[in-house]
Amino acid sequence: MKEPLVPVVPMSHTAHIRSHRKPRRSATSSIAVRAGVAGGVLSMAAAGASASASAAEPVTQTIELPTLTADLSAQVAQSAAATQQAAANYELRAERDAAAAEAAAEAKKDLAEAKKKAEAKKKAAEAARKAAAERAARNAERATLTASASASASTSVSAPSSGSVATVIAFLKAQVGDAYVMGATGPNAWDCSSLVQAAYKQVGVDLPRVSQDQSMAGTDVPLSDIQVGDILYWGGKGSAYHVGVYIGDGQYLDAANPSKGVVIQDLSGYPASGAVRVL
């Protein structure tokens with residue numbers, strides 16, 4: 001197939017031929033374009049730098065503290081007052097608990113003391129009852145001894161027999177446990193000389209009242225030869241300060257002192273100064 005023929009038209013040498021160059025822009029437009037490009041580059045550079053800086057350093061968020069207002073100050077003050085009141089309440093409660101514990105301890109102590117006193121009172125009452133019973137028994141025994149001694153004295157006053165010594169010793173032993181009281185003369189309390197005087201009076205022998213005079217009565221006896229019923233004295237003859245009666249087996253009976261009362265003691269523990277025999 002043949003290609004179509006293109007007609008050729010002859011042109012004048014004066015005809016205008018359009019140029020293929022682009023028209024030149026004005027200087028103002030060129031400067032504006034350059035400025036825009038430069039600005040874009042700078043903006044991109046700044047953005048890159050900013051991105052780099054953001055990537056290098058972490059972003060820190062700053063939180064602004066709230067400004068205290070009048071209402072907030074009032075709330076803080078109210079909270080502080082409530083806290084102080086609670087602390088005061090706790091302290092008061094602790095003081096009350098401590099006081100209650102102390103009161104309970106005191107009550108327990110008082111109860112224990114009351115029980116102790118009640119027990120002591122009970123024991124004292126029992127001891128008093130027992131002492132009264134023993135005293136009644138001794139009184140009955142004394143009455144019997146007195147009647148027997150009176151009968152014996154009526155038959156043999158001038159020369160007492162060995163039975164008289166037994167009567168004296170029996171009377172003395174019946175008084176064991178009685179109290180010692182200076183100046184007392186019985187029947188439940190004695191001093192040393194009144195007890196000796198009362199014992200010998202049971203068999204009709206009248207002795208002086210005081211120990212100094214009793215040490216001068218009867219016949220002197222060496223301590224190595226003393227017999228049951230002899231009067232022992234302590235101190236000088238005629239100035240003796242204590243007396244008792246020998247009851248045999250190295251023992252004597254006397255109203256010793258306020259702490260001991262009427263007792264039986266060993267002569268070895270308190271040797272006598274001398275002895276006299278009146279029976």
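This is a predicted model: local features need pLDDT of at least 70, side-chain atom pairs count only at pLDDT 80 or more; totals for chains, interfaces and linings use all residues.
1. Charged patch. On the surface, E102, E106, D110 and E113 come together as a patch of negative charge. One of these residues, E106, lies in helix α2, which spans residues 70–155.

2. Exposure of E106. The relative accessibility of E106 is 41%. Buried residues fall under 20% and exposed ones over 50%, so E106 is classed as partly exposed.

3. Side chains of strand β4. Strand β4 covers residues 231–234. I231 and Y233 point one way from the strand, whereas L232 and W234 point the other way. In β4 the residues on either side are all buried.

4. Pairing of β4 with β5. Strand β5, residues 242–248, pairs with β4 in the antiparallel sense, and four bridges link the two. Within this pairing, H242 of β5 stands opposite W234, a residue that is itself buried.

5. Pairing of β4 with β8. Strand β8, residues 274–277, is also an antiparallel partner of β4, here over three bridges. The bridge partner of L232 in β8 is A275. L232 points the same way from β4 as W234.

6. The buried residues are C192, S193, S194, L195, V196, A198, A199 and Y200.

Definitions and conventions:
Residues are numbered from 1 along each chain as its sequence is written. Side-chain values use heavy atoms; hydrogens and water are left out. Patches are made of residues with over 30% relative accessible area and no salt bridge: like charges are joined within 9 Å, nonpolar side chains (Val, Leu, Ile, Met, Phe, Trp, Tyr) within 5 Å. Accessible areas come from the Shrake-Rupley method with a 1.4 Å probe; for residues, only the protein chains shown count as cover. A salt bridge is a side-chain nitrogen of Lys or Arg within 4 Å of a carboxyl oxygen of Asp or Glu. Lys and Arg count as positive and Asp and Glu as negative; His and the chain ends are not counted. The place of a charge is taken as NZ of Lys, CZ of Arg, CG of Asp or CD of Glu. Buried means under 20% relative accessible area, exposed over 50%, partly exposed in between (1.4 Å probe, protein chains only). Two strands pair if DSSP finds at least two bridges between them.
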